[in-house]
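Please read the following report alongside the sequence and the coordinates.

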Amino acid sequence: MADCRFFPFLILMLLIFQTLLTAHATSTFLKSLKLKSNGKKLRILVPDFSTFPNLVQLTIDPRTNESGVSGFCWDVFNAAFNALDHGVGIEIIPYPYKDGRSYNDLIDKVSLKEYDAAIGDITITANRSLYVDFTLPFTDLGTGTIARDAKKSIWIFLDPLSADLWITSACFFLFLGFVIWFIEHRTNEEFQGSACQQIGTTLWFAFSTIVYSHREKLQSNLSRFVVTVWVFVVLVLTSSYTATLSSLLTIQQIGMKEIEVGLQGASPLRGAVFKNLNFKIEELYTHEAYSKALTNGNVDAIIDEILYVKTILAMYPGSHFSLIATASTTNGFGFVFQKGSPMAGEMSTQIAKMREDGTLKALEDKWLKRQSTVMSKDFSSPSPKILNLYGFRGLFLISSVSMALALSVSMVRCIFRGNFYVKVKMQLWRYILQRDVEVHVHDRV
């Protein structure tokens, strides 16, 4: 009897569920029927100023004079739209470039209901979403940073320091050896011996300070003072050298201060990426400009939507560029529909299915991983940023002053010590002569 009480409740729940399913099916049918009964095709606006043909490119059929589209964005849209099977045709309408025209103008056209939708490399932003409906993003989210690969050479270990810094460092090592020898050789047996032994010991001691492996014991406090200051200089120099060499042996590291960054001229990333960063920005408008700017060294890196970066890497496989960083600062690309259009939700569902079943990945591989034209090698590769003498002049000044001071004090000591010895000898000889005279006088008496 208790089970029978719940039977009407179960029947009621089933009726409600059936009603919801029927309402959803009816709604979808009515939306599809509305599209068909309009008797017109979907008017799709396509930008004719996209500079990445792998993503979207307009074509004109010479026989029918009708516009067509190719590229990754179009293939994704076409696959998702065909899966809906609404039986509605598509009319491609080019949106040509004019001075001052941007993607925001394209958004305005759809917002004002002049066109039903827009496709292309259109970034989803919060402001644009106030006026139109976007589908789910069909690309990776965020931005990517692309830069030149590290320079490869058997002499790359010389690149971190400039020639003047190498020469200055070598001269200071030799000067250090001379100062230590001058101070120590008169009293320290380790710095004595034949001329060859003294030269060898001095050079060994000076250059062994690079790895702090000098074993000779210093007896003079002046020597210890000079070596202490010099070891600090060597520590700073070797640390800087190691850091610079590491960056040259790997991907060029992009700092966040005063670097030259390339950015697509029509990109909405300026506020999202560079809001609080001190970047020098150079606007670039074509994939050829991207390649040339990186190769010539006009920019240190280019920051753009990840899909643009992947496109550059696919179009220039032999150009020694690499994706070195990513950041989730943008929402990716999406298709644009009028505000309240049922197509936005339906297309989003299909995009989600395509991502799950691997269709999106297959289309991306088709357009963004194929080998294309190798970049011309006519451009000269820029010199790497290296450490120079100007940046270390303070350290060398401190070291040179300490060496000069110690050498001066040692020389003064030698002079005074020599005069002291002369005086002592003179007094000793006087004493001896005086005693000798006294002895002779005493003998005569």
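Strand β1 (residues 42-47) runs parallel to β4 and is joined to it by 6 bridges, where strands are DSSP runs of E with at least two residues, numbered from the N terminus, and two strands pair if DSSP finds at least two bridges between them. Within this pairing, Arg-43 stands opposite Glu-91 in β4. The model is a predicted one, in which local features need pLDDT of at least 70 and side-chain atom pairs count only at pLDDT 80 or more, while totals for chains, interfaces and linings use all residues. Residues are numbered from 1 along each chain as its sequence is written, and side-chain values use heavy atoms, with hydrogens and water left out.

The β1 and β4 strands belong to an open sheet of 5 strands with mixed pairing, ordered β4-β1-β5-β12-β6. Its edges are β4 (90-95) and β6 (132-134), each of which has a single partner strand, so one side of each is left without a neighbour in the sheet.

Strands β2 (residues 57-60) and β3 (residues 67-70) pair in the antiparallel sense over 4 bridges, and Gln-57 has Ser-70 in β3 as its bridge partner. The two strands, β2 and β3, form a hairpin with 6 residues between them, and in the turn Asn-65 has a positive phi of about 60°.

According to the unreviewed UniProt entry, the feature "transmembrane region" is placed at residues 6-30, 161-183, 225-249 and 390-416; such positions are given in the numbering used here, feature names are shortened, and annotations may be inferred rather than shown by experiment. Two of these spans are described below, with helices taken as DSSP runs of H or I with at least four residues.

A nonpolar patch on the surface is formed by Ile-154, Trp-155, Phe-157, Leu-158, Trp-166 and Ile-167, with about 650 Å² of accessible area together. Patch members have over 30% relative accessible area and no salt bridge, and nonpolar side chains (Val, Leu, Ile, Met, Phe, Trp, Tyr) are joined within 5 Å; a salt bridge is a side-chain nitrogen of Lys or Arg within 4 Å of a carboxyl oxygen of Asp or Glu, and areas come from the Shrake-Rupley method with a 1.4 Å probe. Trp-155 lies in the loop between β7 (143-148) and α4 (163-184), and Trp-155 is exposed, with a relative accessible area of 51%, exposed meaning over 50% and buried under 20%.

Methods
Patches are made of residues with over 30% relative accessible area and no salt bridge: like charges are joined within 9 Å, nonpolar side chains (Val, Leu, Ile, Met, Phe, Trp, Tyr) within 5 Å. Buried means under 20% relative accessible area, exposed over 50%, partly exposed in between (1.4 Å probe, protein chains only).
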